[in-house]
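Student: I would like to learn how to read a sheet and its surroundings in a model. Could you take me through one?

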Amino acid sequence: MNVVCIGTGYVGINTAAALAYIGHSVCGVDIDEHKINLLKSHKAPISEAGLDELLSQKMNLTFTTCLEDCVNTADVIFIAVGTPSLPNGHANLSYVMSAAEDIANSLMPIHDVTIVVKSTVPVGVNSMIERQIRDKVTMRCGSDALLHFSSNPEFLREGMALSDTFYPDRFVFGTEDDKAYQMLTTLFAPIIDQTFEPPAFVEMPDPRPKTQCIHTDAISAEMIKYASNVFLALKISYANEIAGLVEKLGGNMDDISRGMGMDKRIAPYFLKSGLGWGGSCFPKDSLALLSMAKDYDYQMPIVQAAVDVNERQKTRLIQKVIDKLHILPGRRIAILGLSFKPRTDDVRNSPSVDIAKELVRRQAIVTVHDPQGLDNARVIYKNEGFIFCTDPIEAAQNADAIIITTDWAEYKNIDWKDMAKAVKTPFLFDARNLLRNELDKVKDFVYIGM
Ligand code: UGA
């Protein structure tokens, strides 16, 4: 099939490349010329395991900044642009609406074409987009009969994006149009049935999963996306709330999470306590869900509590640091980890960065290190007063305390003996509980977990 993917961010580029790999002819479209030029030379604009390798495979994958180049041969058009938060918590729909506008202005349907919203959009936006495109196309071409629409939310995780794209737990197709449903199930058939040749450079879950499909209406599909992300966020907040009580009463939170997770109904995932959740999705989606509810005069106290507990984790960590160091002005503090989670260079909306900023605000001298995110951080946070260090030991030099803010595996294998020699006072705050079960490695430190 001929596929167009509007947006080459995390969702768009991984979807485009995977669809090309399974045999479709795909064109990726983006307004960012720099990104498109990188992609044309087979380079990924984001750091994602296996993506550079995938982009250099022989396949039918092209890129352009001009939608008109490819829109009229497309069988399926994905809208996969960002929906960041507005200051009031609502999702910013300007990119999605402008993609819809571009389609509406350039599409001249001479064969069936299915327009699919992959971006995370609030409930009702799929139908708004459909209305806008149908009206304009009818005005220009006299008929909208060949247009079909579906919501198809995306569930990939950064850092595992390709693995999640090739081996998803489920597909959600939100459409009441049989043709759209048929086209999407045909498009994704090799993934739904897991019949493609596994790419060697993409992590495959063991056992290879059985991908499930749910066919529903667009409103339910939109809500499945928000309800899933926010459920995961509140699962983490719940683990963090329990961890706070365990700190007072005694007990081993890792064992408690493990013990809970052995119950199939609870499952072992997203129960890891620590500094809390960040990234481009959980914070924005929880706020968007709360804003949607507020618009309809509906209270969501559980979601609000998940957000509050997540914020409280940062305050708890700062308080722990104050309890040991007493005063912060002039203290030298090494922050290990800036990305919002390991295996990504994404340092946006990162709780780790919030901690570094708060320490600077309180006049501490803050050195920062990250295995992958340092280059991004140097650009985005150049005016925050951080001292960027390319090595953890450089960051630890003469420090009054070290804080592990992101659970990078690399930090497990640092020579902690050398780190202890480098610091001025051996306080180690492990805000991700990375070394909680390997205390031997850090026995030269006063160890404080979360
Ligand atoms: C999340 C969802 O997991 C994806 O399914 C979804 O598609 C994506 O949002 C999205 O909407 O685009 P992602 O933001 O990449 O994916 O990150 P996660 O791996 O879910 O982690 C989110 C945050 O939770 C991170 O800050 C991580 O450190 C934290 N976390 C995760 C915990 O604190 N504890 C855990 O047990 C798990």
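Student: What is the strand order of the open sheet of six strands?

Tutor: Strands (E, at least two residues) and helices (H or I, at least four) are DSSP runs, numbered from the N terminus. Two strands pair if DSSP finds at least two bridges between them. In this predicted model, the order is 11-10-9-12-13-14, with parallel pairing. Strand 11 (387-388) and strand 14 (446-448) are at the edges with a single partner strand each, so one side of each has no neighbour in the sheet.

Tutor: Two sentences on conventions. Residues are numbered from 1 along each chain as its sequence is written, and side-chain values use heavy atoms, leaving out hydrogens and water. Local features need pLDDT of at least 70 and side-chain atom pairs count only at pLDDT 80 or more, while totals for chains, interfaces and linings use all residues.

Student: Which bridges join strand 12 to its partners?

Tutor: Strand 9 (residues 332-336) is joined to strand 12 (residues 401-404) by four bridges, and Leu 336 stands opposite Ile 404. Three bridges join strand 12 to strand 13, where Ile 403 has Phe 429 as its bridge partner. Phe 429 also stands opposite Ile 448 in strand 14.

Student: Are the faces of strand 13 covered or open?

Tutor: Buried means under 20% relative accessible area, exposed over 50%, and partly exposed in between (1.4 Å probe, protein chains only). Both faces of strand 13 are covered: Phe 427 and Phe 429 are buried on one side, Leu 428 and Asp 430 on the other.

Student: Where does Asp 407 lie, and what does Asp 407 touch?

Tutor: Asp 407 lies in the loop between strand 12 and helix 16 and is buried, with a relative accessible area of 16%. Contact means heavy atoms within 4.5 Å. Leaving aside residues up to four places away in sequence, Asp 407 touches Lys 272, Pro 342, Arg 432 and Leu 434. A polar contact is a pair of N or O atoms within 3.5 Å; within protein, one must be able to donate a hydrogen and the other to accept it, and residues adjacent in sequence count only if both atoms are side-chain atoms. The side chains of Asp 407 and Lys 272 make one of 2.3 Å.
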